[in-house]
Amino acid sequence: MSQLKTELFINMKHYSPLITLFLLILLVGCKKDPQEIYSEEKSGVVLICNEFYYDITLFNGEHLYFSGLDDDGDFINLTSNLADIKKQPGVLNGTGFFIDETGRILTNRHVVAPAVDKAMVRNNVNAIIENYAQYLQSLQDSMDQRYAALQAYAQENTYEDDYGETYTNLSDDEIVSLQQEAASLKEQFEEAENLKNRVRSNILNDNFSIRLHSQYGIAYDGSNVNSWDDFMKTPCTMLRVSEDANSDLALLQLNSKTTPSDSYIFTVDNDLAASDDQLEINQTVYMIGYNNGVVLAKTDNGIRAQFTSGTITQQPDGKRVMYSIPSMPGSSGSPVVDDHGRLVAVNFAKSDGSDNFNFGIPLMRIVTFLR
């Protein structure tokens with residue numbers, strides 16, 4: 001019996017390096033070929049389309065609508081007609097990816113709920129109001145000048161005789177015409193004054209609100225997209241956005257609340273998120289997304305997600321991950337995975353002045369958001 005134990009011990013000792021290696025592989029996992037990662041995971045990455053406009057309610061109950069602000073901070077498609085803004089909404093493309101079987105899609109907050117500078121909106125609206133009020137004032141000034149001219153004309157044609165009696169050179173018809181015009185000017189002046197006061201009553205203070213109206217649709221890798229209607233074949237609803245300024249995250253859900261059976265589902269790994277050595281300098285990472293939206297995605301075989309690679313270029317600080325993956329607008333919300341194909345970040349921004357250094361939201365912040 002003792003001899004058997006000895007032989008078992010010798011055999012175990014002989015094979016222990018192999019066992020250790022096997023256990024290490026189980027614990028760490030196998031690295032995957034980039035083509036394997038792309039082929040397996042691209043079906044879970046979707047192109048998001050957000051049609052939106054902003055709605056300001058004025059003090060008098062009227063509305064102003066616009067689809068955004070340009071580079072100079074001016075309104076785009078400003079109108080008071082709801083039908084008009086619905087014909088000219090803002091349009092945003094972004095990327096998202098499935099995280100469970102209920103059709104939930106993780107993406108960036110700025111893709112589905114684009115922020116607008118509230119102070120700039122207030123200043124723009126107040127400038128428009130004040131300009132209109134000044135225009136009304138200029139009309140009133142013209143009315144004053146005309147009224148004064150009528151009085152001067154009547155005065156020029158009025159004289160007194162030696163006995164103090166007042167006479168005029170004007171005919172009865174001219175007198176009636178002047179009186180009617182003077183009365184009309186007074187009425188118009190009062191109407192302009194009332195309108196000017198009503199307009200200025202809509203001056204916005206810091207307590208006003210802007211409401212965002214959005215419609216969301218998605219398209220899958222390989223699908224044909226030619227118009228907004230193609231996106232709306234798969235409509236979505238926004239569940240929530242992150243309240244944390246450092247976590248540019250949002251959650252959509254398919255209206256069907258069912259992830260297609262052939263779509264890859266990305267795992268948000270709590271244990272991996274808690275790992276201290278999850279990401280290291282110069283570690284290879286990959287991004288699957290729709291750079292520049294439909295423009296680059298569209299092919300003769302439907303839209304195709306792009307697969308780009310880079311390395312970790314800065315020690316993560318818990319708020320963001322920097323990597324050398326090139327990107328363009330439209331890649332916001334893309335999953336960033338390591339060389340095992342595991343989700344490690346969500347792409348959200350690029351470094352100013354360069355398309356080759358970009359930032360992702362680290363896995364721990366994703367875990368926190370989804371709790």
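Colleague: Which residue in the turn of the hairpin formed by strand 5 and strand 6 has a positive phi?

Modeller: Bear in mind that this is a predicted model. Strand 5 (residues 90–98) and strand 6 (residues 104–107) pair in the antiparallel sense over two bridges. Five residues lie between these strands in the hairpin, and the one in the turn with a positive phi, of about 80°, is Gly 103.

Colleague: Which residues have the most contacts inside the largest nonpolar core?

Modeller: That core has 47 residues. Setting aside neighbours within four places in sequence, Leu 106 is in contact with residues including Phe 97, Leu 251, Val 346, Ile 366, Phe 369 and Leu 370. Apart from this core lies another, of 14 residues, with Leu 58, Val 125, Val 199 and Leu 204 among them. In the largest core, the residues with the most contacts are Leu 106 and Ile 366.

Colleague: How many of the eight residues of helix 10 are buried?

Modeller: Helix 10 spans residues 363–370, and its buried residues are Leu 363, Arg 365, Ile 366, Val 367, Phe 369 and Leu 370. The helix is therefore largely enclosed by the rest of the structure, the number of buried residues being six.

Colleague: Which residue of strand 10 does Tyr 216 stand opposite?

Modeller: Strand 9 (residues 210–220) is joined to strand 1 (residues 45–57) by 11 bridges, and these two strands run antiparallel; Phe 52, for instance, has Ser 214 in strand 9 as its bridge partner. Strand 9 also pairs with strand 10 (residues 235–241) in the antiparallel sense, over two bridges. In strand 10, the residue opposite Tyr 216 is Cys 236.

Colleague: What does Tyr 135 count as, given its relative accessibility?

Modeller: Tyr 135 lies in helix 5 (residues 118–156), and together with Tyr 132 and Leu 139 makes a nonpolar surface patch of about 280 Å². Buried residues are those under 20% relative accessible area and exposed ones those over 50%. Because its relative accessibility is 44%, Tyr 135 counts as partly exposed.

How values were computed: Residues are numbered from 1 along each chain as its sequence is written. This is a predicted model: local features need pLDDT of at least 70, side-chain atom pairs count only at pLDDT 80 or more; totals for chains, interfaces and linings use all residues. Side-chain values use heavy atoms; hydrogens and water are left out. A nonpolar core is a set of buried Ala, Val, Leu, Ile, Met, Phe, Trp, Tyr and Cys residues joined through side-chain atoms within 4.5 Å. Buried means under 20% relative accessible area, exposed over 50%, partly exposed in between (1.4 Å probe, protein chains only). Contact means heavy atoms within 4.5 Å. Helices (H or I, at least four residues) and strands (E, at least two) are DSSP runs, numbered from the N terminus. Two strands pair if DSSP finds at least two bridges between them. Patches are made of residues with over 30% relative accessible area and no salt bridge: like charges are joined within 9 Å, nonpolar side chains (Val, Leu, Ile, Met, Phe, Trp, Tyr) within 5 Å. Accessible areas come from the Shrake-Rupley method with a 1.4 Å probe; for residues, only the protein chains shown count as cover. A salt bridge is a side-chain nitrogen of Lys or Arg within 4 Å of a carboxyl oxygen of Asp or Glu.
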